[in-house]
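Good morning, and thank you for coming.

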Amino acid sequence: MNSKNEKKIIITTFFPAKIKKSNKKNKALIGVGCNLGNCIRRFKKLYLYFLSHPKIDVIQTSIIYKNPPFGYLKQPWFYNTIMVISTNLSPNELLKLLQHAEKKFGRIRSFKNAPRTLDLDIILYNNIKVNTKKLKIPHPFFKTRDSVLVPLVLKDRIET
């Protein structure tokens, strides 16, 4: 029996999934997180939003991983997944699109590591490095976060 605050892997209709190939030139790994509201339903809506977006091709999604918060600890546990996408957008254009999606899905940035309805991070973008005030690629902490590593490791191990 799962307690409310226990790490677990969740599988749904769209997570994990291998969707299609793409002719768009850039490939990005997007980290997706949520800990406010119905996160699993919101992930489905985000998936459908990206699927219908002309500048994004969803290539693959991972399992959803429920795990504890870090940084600010007095908040609900997180649901995390990753999405592999293709796009012709530049890294900065993709960042703007992701920030627009966060806002569309109700994200309010009240303080660092605050609870959130949606958190979208560019983890990797092709094999490039970006280091600006607004954007760092690869994401500087992804190799130390189970919220990225567990979905990443399991994305190819579960038959879809």
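Predicted model: local features only at pLDDT ≥ 70, side-chain atom pairs only at ≥ 80, totals over all residues.

Let me start with a convention: Ala, Val, Leu, Ile, Met, Phe, Trp, Tyr, Cys and Pro are counted as nonpolar, Asp, Glu, Lys and Arg as charged, and the others, Gly among them, as polar. By that convention, the lining of the second largest pocket divides into 5 nonpolar, 4 polar and 2 charged residues.

Among the residues that line it are Lys 4, Asn 5, Cys 39, Lys 66, Trp 77 and Tyr 79.

The largest pocket holds about 940 Å³. Its lining is made up of 38 residues, and those nearest its centre are Arg 116, Asp 119, Asp 121, His 139 and Arg 145. Counted by class, the lining of this largest pocket has 16 nonpolar, 11 polar and 11 charged residues. Which elements each supply at least two residues of that lining? They are strand S3 (26-34), strand S6 (78-87), helix H2, strand S7 (119-125) and helix H3 (146-154). The most comes from S7, which gives 5 residues.

Next, I turn to helix H2. It runs over residues 91-104, 14 residues in total, and spans 20 Å from its first C-alpha to its last, close to the 20 Å expected at 1.5 Å a residue. Its buried residues are Pro 91, Leu 94, Leu 95, Leu 97, Leu 98, Ala 101 and Glu 102. These cover an arc of only 165° around the axis, and therefore lie on the same side of H2. On the face turned away from the buried side, H2 carries the exposed residues Lys 96 and Lys 103. Just after the helix, Gly 106 adopts a positive phi of about 90°.

I now come to the strands. In strand S4 (residues 56-61), 6 of the 6 residues are buried. S4 is joined to strand S2 (residues 17-18) by 2 bridges, and the two run antiparallel; here Lys 18 has Gln 60 of S4 as its bridge partner. S4 also pairs with S6, again in the antiparallel sense, over 5 bridges. In that pairing, Thr 61 stands opposite Met 83 of S6.

Finally, some details of the backbone and the loops. As a general rule, most residues other than glycine have a negative phi, and most peptide bonds are trans. Where are the cis peptide bonds that I wish to point out? One joins Phe 15 and Pro 16, with omega about 0°, and Pro 16 sits in the loop between strand S1 (8-10) and S2. Another joins Ile 137 and Pro 138, with omega about -5°, and Pro 138 lies in the loop between strand S9 (136-137) and H3.

Asn 113, although not a glycine, has a positive phi of about 65°. It is found in the loop between H2 and S7 and, at 23% relative accessibility, counts as partly exposed. Asn 126 is not a glycine either, and its phi is positive at about 45°. This residue belongs to the loop between S7 and strand S8 (130-131), and its relative accessible area of 32% makes it partly exposed.

Methods:
Residues numbered from 1 in each chain as written. Heavy atoms only, no water. Helix = DSSP H or I, 4+ residues; strand = E, 2+ residues; numbered from the N terminus. Expected span 1.5 Å × (residues − 1). Buried < 20%, exposed > 50% of the residue type's maximum accessible area, 1.4 Å probe, protein only. Arc of directions from axis to C-beta. 1 Å grid on protein atoms, 1.4 Å probe; cavity = no way out; pocket = protein on both sides within 12 Å on 5 of 7 lines; lining within 4 Å. Points joined across faces, edges and corners; volume = space filled by probe spheres on them. Pairing = 2+ DSSP bridges.
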